[in-house]
Amino acid sequence: MPEYRWPDMSKRKVMGQRFSRLDGVEKSSGRAKYSSDLNKPGMLHAVLVTSPHAHAKVRSIDTSAAEKHPGVAAVRVIAPAGTEIQWAGWEVAIIAANTELAARDAAAKVKVEYDVLEHFVREADLKKVKTRAKPAGEQVEGDPEMAAKQADVVSEGYYGIPVLTHCCLETHGNVVQWTPDNKVEFNPSTQSVTSIRGDLARLLSVPAANIHVHQDHVGGGFGSKFQPDRWGLESSQLSKQAGGRPVKIFLDRATELVIGGIRPSGFANIKVGAKKDGTITLWESESWATGGIGGGGSPPIPYVFTKIPNRRQSHSAVSTNTAPSRAWRAPNHQQACYLTCAPLEDLAAKLKMDPVELLIKNAGLTARPDTYVRQLKKAAELSEWSKLWHPRGDAGKGSIRRGLGVGAGTWGGAGHDSTARVTIHPDGTVEVELGSQDLGTGTRTIIAQVAAESLGLRVQDVRVKIGDTNYPPSGTSGGSTTVGGVSSSTRKASLNALEKLYIEVAEALGAPADQLTVAEGKVLVKDNPAKSLPWKAACQKLGVKTISETGSNVPAQAAREGLNTGGVGGVQIADVSVDIETGVVKMNRLVAVQDMGLVINPKTAESQIFGACIMSICGALMEERITDEITGRVLNADMEFYKLAGIKDIGEIVVHLDITEENDKRGVIGLGEPPAVPGIAAISNAVANAIGLRVPTVPMTPMHVLNALAGRKS
Amino acid sequence: MSQFQDPEERDKVKGKGSGFSRRGFMQGVGVTGAVAPALIGTDAQAQTAPGVMGPAGVAIVLNINGKATKATVEPRETLLDVLRGQLDITGAKRVCDRGSCGACSVLVNGKVMYACSILAIDAQGKQITTIEGFSITGGKAHPVVTAFVAHDAQQCGYCTPGFVVASKAFLDTHPNPTYEQVQDGLGGNLCRCGTYVGIRKAVLEAAKMMKGGSNA
Amino acid sequence: MQPFEYASPKTLKEALALLGAGWGDAAVLAGGTDLLSLMKDNVMAPKRLVNVKEIPELKGITKTGAGVRIGAAVTVDELASNALIRASFPALLAAAQGISSMQMRNMGTVGGDLCQRPRCWYFRAGFGLLPTHEGKNLVAEGDSRYHAILGAGPAHFVSASSFGPALIALGAKVKIASAKGTREVEAAKFFVAPQNSETREVALQPNEILTEIVVPVSAAKNATYEIRQKDALDWPLATASVSLTMKGTAVGSARIVLGHVGPTPFDADGAAKWLAGKTITVETAEAAGKAAVESAKPLKDNAYKVQMAAVAVKRALLAAAGVKA
Ligand SMILES: Cc1cc2nc3c(=O)[nH]c(=O)nc-3n(C[C@H](O)[C@H](O)[C@H](O)COP(=O)(O)OP(=O)(O)OC[C@H]3O[C@@H](n4cnc5c(N)ncnc54)[C@H](O)[C@@H]3O)c2cc1C
Ligand code: FES
Ligand code: FES
């Protein structure tokens, strides 16, 4: 068996280089085809009819007029009479027609009568939550009563972080064709090409072998695109019903923002205590959250500083009549980070202590003290902390107040189950195939880099093929597990293939197979490099054969093999200016110091961190799903009032990639999620530092900022 | 004067109790017979004045990327939907469909516009340039494209064609942009993945490349 | 979107003949950036659209005896790049530049900006201009964070136009044509707060077209200050447009108009009168700002806008007078 270890950092030729992404030109030129771009012959267009009520019972549903509408090919009732609707946007019926317009027109003819029931959609105020809260048992560690009495300083506050929507620019949807021979062709917009086939097989009762899933690109997922979804299954049925015509469904924006995925909220009343010297001794939290009808789980608080000795935590899951949550780039970590780092900053303010110092002093309460101390110092340096930071509220007199704040995060990120197949053709062509997907993280590119590195070739010598169930299975792109999984499987498959190639060329090179190696496009003898064959010539020795070898990343073995691991820390420092007369917060700078493992492509790695920082800026300052208590609907299901930062709204972003020999030895660690964690807390803390008080809830829109300054409840 | 003269429309807006739709997403739901899509009755047709087209399909010719292109459209079809559907020109994306994100950007007589908010029928007689019309010509990538790739100004890439079109239009009128101008110029586009850092660099570099005459 | 007929007349006369007696009969299509969204949301469903972008009478920016004449179909971009506008009307220029999207500026027209419908989320969801649901006043009892703080009457949406306040402050008039002839309306009177849900929010009849805007040229110093959260395309939370006719170093007369805080642009008469005879300083500007919002009656969620509006006035005055804060 080959030695799968990564080559030494200093010896790598292709890995570690700042390659531009392989599909860059395709994407930037508009040629990249997303599933939502597909137009197939005879294709029908499907649209959903959804409930306007947040809670209701379907009394009757009549699709007869819709069925008769010209161009309509198939209609299905999803919520028959008697169905209890639990959120506005619940799928009630679906219609396929020759054109999208015809489908929409027909949808308007579906008559549904509802018995409207009482709904509950807003959870920010614990007093109003009442019976919708399901308390989980209290957890106590140490002696919080005693700790509260003995603490020199205790800080208490209410903190909240709202429901967000993923707002993927490519909405959820698919093109599907279920032909009379019981074969299903499925082109989704998904984070999980491989597993979606299994889901479809189970849910449509079609043998997996009859299902082919293919996707070239996906326009954003962020955790919301793992399943085939209700509309995926129903549109499949429509295709079958229509005799096997392809059916396309992609949600419209409003529907996307209502049912295409949300991040659960997190609210809490929190009390923290410390000794005069800043040693944190107490944590008490009463938290609640919603992720829809099923409530919302507790964020893992206290976060990062998990070892606070005396703790009391209670949590209630609040059931709201809103669409269910989905995984969100670092599920529950932003909430936990905000609900921990904000109270700690408030504590620091009360202690009249520099918050970076407070965190450094208490690094022992974390799982990786050295990392955090190093990162805190680095982030402080890059943000000019010692020059720009001031005690809370000491930001001068004018209307513009500048402030700095810090947040810390953590994430796993070890590689998922993945199998790669590397094929070497007699003409020297190399193909790498995986049933994986590139979410825009650069997956294609890093696969090519790993294969090229392993085979002694250049990136352009390798053809990467992903996004298809004809390729070996690869895990879902969630949890930042993709890069670890696919790099490791590609490495192993490449080396397995190479081993076979060595056998074929050993004779020609007059050396035993295990004495061969590759470098710079040649197969050569290890201790006699003069004896070599150019790659192409070596491959010609295959005659009519091709070599096709697989390699798998098996999470349980990965750590032992050393190809990938998980577990990183990260620190971010935000620098903001707040106009205290208008409440407008502007980003000056966000510094991200990210702990990491082996970095295959610093360019795409950096992009992940930039993107995560920008997402945090949106979350800290702009984004929130706004529900209406009276109608139970989402009021801002559009891109006008569901606000995202534009190009001028983000300030400067400084990324520090911790590429070191020491980190490199940890193997590959995912990077999509970790940098998406600390930003919101850091920005909130920076605002508190600037204006002298906490804006208790994010996003810190001008409304919330002015309300906080005026002592008004938001 | 009634705001909604049309009785059907008035009913609809009052929501007949509970049933009105939000942005089409709950269209028709529970609207007890109030929404009749074929609002254009025979009356309207009988009165049709000269030069009036539709509501049924109308044969039109669009000048797209320098080519006269035939299409049959209902007046209510947007340029974006006709491009993406009937004509299979899919670089422009439908994201918000309400003129607030820029993913659908195209050039109309050289000016960048939101194709989701232009009627196809209204685009007749104008030079429409989609990203396909300039991004790669003669096998050569436009400097904006090259710079976007070099600075990794795309992740999922779904907003990217819109940004590239907007950037080209911006550079056409600002050949020597400052950093500040780049930010002001691209305020009509949104990216969810957060590629703005790369875009800012890419546009500045593309400006330099274009002055170097590598492409125009 | 419901089906409709489309026409693109080449003259004003033809266009007027294509309009109907009711709002449901026909709608004027300018840039389409607002109208098409409303139609997609089924909030409007006119049976015919009359494109006015090809009508010469609605185009161009020219200097006339009465001032600067702006055709209703002039785009925001044409307005913002016009030398006459840039030279005399910084208040209008700032409003145009506030629409921070090239695409929107290339498409949106001045007429469309003035006639655009409210962005109230209840209105856009189909609950009407004075939205109610099951007997409840949606704005008053629902989420009013973006709604009105000023203006008497039942309407609580905010007038969306950024040009409205600037044009009112500048004393502009709008010209309106119908098959019967033309009429001229002061910009201030063009915006009306509907008293019931059957009326519109501008003084137009369904068979009329807004053809041009005439802005008198004077030596008045003018400015607009917009409070926006985002620099990218977004809506302001409050704006103020001011115009100051100076008498020496003091204000002779002033006009102060608030935007995005009432169902029409809000003419802060009292504050303007108070300012007469005073020199613009940080203190007087601030006092004028406070006076401008004296009659504010915030709803459940938007008390924050009162301060904002006052600040917008203060900053607009300082900008107009060239005083540094
Ligand atoms: C995200 C977003 C942010 C925005 N921010 C701002 C902002 O900050 N400030 C601002 O002012 N605007 C803003 N806008 C609105 C934009 O400026 C308007 O959509 C645009 O000005 C409307 O012009 P149009 O020509 O496209 O109008 P259209 O959509 O064509 O028409 C709008 C309405 O006016 C009527 N109409 C148009 N022209 C005439 C005429 N000549 N005579 C009679 N009726 C007519 C139409 O029938 C229709 O009812 C924003 C829009 C969006 C989507
Ligand atoms: S799709 Fe046209 S602007 Fe968003
Ligand atoms: S790259 Fe994904 S939305 Fe911009």
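A charge counts as sitting over a ring if NZ of Lys or CZ of Arg is within 6 Å of the ring centre and within 35 degrees of the ring normal. In chain B, the charged end of Lys168(B) meets this rule over the ring of Phe134(B), 5.4 Å from its centre. This is a predicted model, where local features need pLDDT of at least 70, side-chain atom pairs count only at pLDDT 80 or more, and totals for chains, interfaces and linings use all residues. Residues are numbered from 1 along each chain as its sequence is written, chains are lettered from A and ligands numbered from 1 in the order in which they are written, and side-chain values use heavy atoms, with hydrogens and water left out.

**Rings and charges**

- Arg200(C) also places its charged end over a ring, that of Trp23(C), 3.8 Å from the centre.
- Rings of Phe, Tyr and Trp (its six-membered ring) pair if their centres lie within 6.5 Å, and planes under 30 degrees apart count as stacked, over 60 as edge-to-face and the rest as tilted; this gives twelve aromatic pairs over all chains.
- Tyr159(A) and Tyr338(A) have ring centres 6.5 Å apart and planes at 80°, so they pair edge-to-face.
- Tyr159(A) belongs to strand E8 (residues 153–161) of chain A and Tyr338(A) to helix H9 (residues 333–351) of chain A, so the pair ties together parts 179 residues apart in sequence. Helices (H or I, at least four residues) and strands (E, at least two) are DSSP runs, numbered from the N terminus.
- Both Tyr159(A) and Tyr338(A) are buried, where buried means under 20% relative accessible area, exposed over 50%, and partly exposed in between (1.4 Å probe, protein chains only).
- One aromatic cluster is formed by Tyr158(A), Phe267(A) and Trp288(A).

**Helix H4 of chain B**

- Six of the eight residues of helix H4 (residues 143–150) of chain B are buried, so the helix is largely enclosed by the rest of the structure.
- Those buried residues are Pro143(B), Val144(B), Val145(B), Ala147(B), Phe148(B) and Val149(B).
- Their cover includes helix H1 (24–28) and helix H17 (602–621) of chain A, with contact meaning heavy atoms within 4.5 Å.

**A sheet in chain B**

- Five strands of chain B form an open sheet in the order E3-E2-E6-E4-E5, with mixed pairing; two strands pair if DSSP finds at least two bridges between them.
- Strand E3 (67–73) and strand E5 (111–114) of chain B are the edge strands, each pairing on one side only.
- Strand E4 (residues 105–108) of chain B runs antiparallel to E5(B), joined by four bridges.
- Val108(B) stands opposite Lys111(B) in E5(B).
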